[in-house]
Amino acid sequence: MSRSTLALPVHRLHDEEVERLLATGERRAELTALFGDQGYRELSSLARRAAAKRRADGPRVYVLPGLMGSRIGSRGLLLDDVLWVDLIEIAAGHLTRLALPAGSRLVALGAMLLNTLKLKLSLRIAGFDAQLHPYDWRASVSELADALNRRIAAEADGAPVMLVGHSLGGVVARLALGRQRTERITRVVQLGAPNHGSFAPVLALRGVYPTVRKLAAIDRRHTAEDLARIVFRTLPALHELLPDPGLTGGADLFDATSWPDDPLRPDPQLLQAARLERARWPGSDDRCLVIAGVRQDTVTSLASSGSEFEFGLTPQGDGTVPLALAVRPGERAWYVGEKHGGLPNNGRVIAAVVDLLRTGATSRLATSASRSRNP
């Protein structure tokens, strides 16, 4: 390892370098601070076992993180300038650089390993040629799916590919499956995918989503409402993931007049573009297999109350995606009592993913939401 690499903060290192450090035991204190004691021990053990495989000549699998699950910033000659997520940058008020179109030169630098690396390493240990596929989660879902298909098409060996996507990554994977020009993608496994949208984007656009509030608590220059107005109102992906009004029975949130008339109201043009995009999303596909979390308090409805929204909470979902918006009619699904963010790190879910990739079925999870067990 070069001296320049030794000097770099671990969150600026490339994903492959972090894996190597985990396998060798180098920079243990910093990686423990990043992953926690238990997380470090587990990932270090998995990294050593994955490295011992030496060759990754099994079936190729791309692992896609969820919304906000890829690091965003600028590529550098010697080191990357990481904006999302760097606490110093956030505290300085630089998150507003994520806004589009001004921030369109920023790119995905790598995955947020806390929610992807255990799954990737476990798949490699199981014999798959597992690779991470970070992406710019700010862009239109269609653009992201097209970019994924271009990456697959550029692989000269023409090998078949399977996809595992968490949250938004699952939706990107499904669109890539439905829009591929050649039958390279053979199977998709979705983890907590908002196939029909979610109320989480509504919370983010109103500045009340917990993650937005936490960011604002660090940011010395902007409130949560500022971040919603300046940044989130410019991101196509958030608008495209609004809940399907036909399934929720509530207001049509693709119509700007359904929103409170204040500075946080979404841009009508972005809403219209999102509605058109959603209409072009492919339908059910028996090659797309769904794992959904259940029995977690989840926003499953909203109602207008004066100048604000009132959100209805039920256990019918994974804490982020309502069950009714996760599972598409006609698709095969398996269920687990797990939170949205915990799905890609849940050992039983990972074992089920291995089964599904190999055979298209698993007995590790329930096929009925009412019969699912907690992790």
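Predicted model: local features only at pLDDT ≥ 70, side-chain atom pairs only at ≥ 80, totals over all residues.
Residues are numbered from 1 along each chain as its sequence is written, and side-chain values use heavy atoms, with hydrogens and water left out.

The structure holds 24 salt bridges, a salt bridge being a side-chain nitrogen of Lys or Arg within 4 Å of a carboxyl oxygen of Asp or Glu. One of them joins Arg138 to Asp136, with the closest N and O atoms 2.7 Å apart. Arg138 is buried at a relative accessible area of 0%, and Asp136 is likewise counted as buried at 16% (buried means under 20% relative accessible area, exposed over 50% and partly exposed in between, with a 1.4 Å probe and protein chains only).

A further salt bridge is formed between the side chains of Arg184 and Glu155, at 3.3 Å from N to O. This pair links distant parts of the chain, since Arg184 belongs to the loop between α8 (168-179) and β7 (185-191) and Glu155 to the loop between α7 (141-153) and β6 (161-166), 29 residues apart; helices (H or I, at least four residues) and strands (E, at least two) are DSSP runs, numbered from the N terminus. Arg184 counts as buried at 11% relative accessibility, as does Glu155 at 16%.

Within helix α11 (residues 224-230), Asp226 and Arg229 lie 3 residues apart, about one turn of the helix, and their side chains meet in a salt bridge at 3.1 Å, N to O. Arg229 is partly exposed, with a relative accessibility of 34%. Elsewhere, salt bridges that share partners join Arg60, Arg124, Asp129, Glu155, Asp157 and Arg184 into one network.

The aromatic side chains were examined next. The structure holds 3 aromatic pairs, where rings of Phe, Tyr and Trp (its six-membered ring) pair if their centres lie within 6.5 Å, and planes under 30 degrees apart count as stacked, over 60 as edge-to-face and the rest as tilted. Trp84 and Trp137 form an edge-to-face pair, with 5.6 Å from centre to centre and 70° between the planes. Because Trp84 lies in strand β3 (residues 81-84) and Trp137 in the loop between β5 (129-132) and α7, the pair ties together parts that are 53 residues apart in sequence. Trp84 is buried, with a relative accessible area of 6%, and Trp137 counts as buried at 2%. The rings of Phe309 and Phe311 are also placed edge-to-face, with their centres 6.2 Å apart and their planes at 75°. Phe309 is buried at 7% relative accessibility, whereas Phe311 is partly exposed, with a relative accessible area of 28%. Together with Trp259, Phe309 and Phe311 form one aromatic cluster.

Charged side chains also sit over aromatic rings, an arrangement that requires NZ of Lys or CZ of Arg to be within 6 Å of the ring centre and within 35 degrees of the ring normal. The charged end of Arg151 sits over the ring of Tyr62, 4.2 Å from its centre, and the charged end of Arg278 is placed over the ring of Trp281, 5.2 Å from the centre of that ring.

Helix packing was then considered. Helix α3 (residues 28-35) packs against helix α4 (residues 37-52) at an angle of about 115°, with the axes 7 Å apart; axes are lines fitted to C-alpha atoms, for helices over the stretch in contact, and angles run from 0 to 180 degrees between N-to-C directions. The helices α3 and α4 are therefore roughly perpendicular to each other (angles under 35 degrees count as roughly parallel, over 145 as roughly antiparallel, 65 to 115 as roughly perpendicular and the rest as oblique). The crossing of α3 and α4 is right-handed, a crossing being left-handed if the near helix is turned anticlockwise from the far one by less than a right angle, and right-handed if clockwise. Helix α6 (residues 117-125) and α16 pack at an angle of about 45°, with their axes 10 Å apart, which makes α6 oblique to α16; their crossing is right-handed.

Ser370 lies in the segment after α16 (347-359) and counts as exposed at 67% relative accessibility. Between Ser370 and Gly319, the separation is 51 residues in sequence and 16 Å in space, C-alpha to C-alpha.
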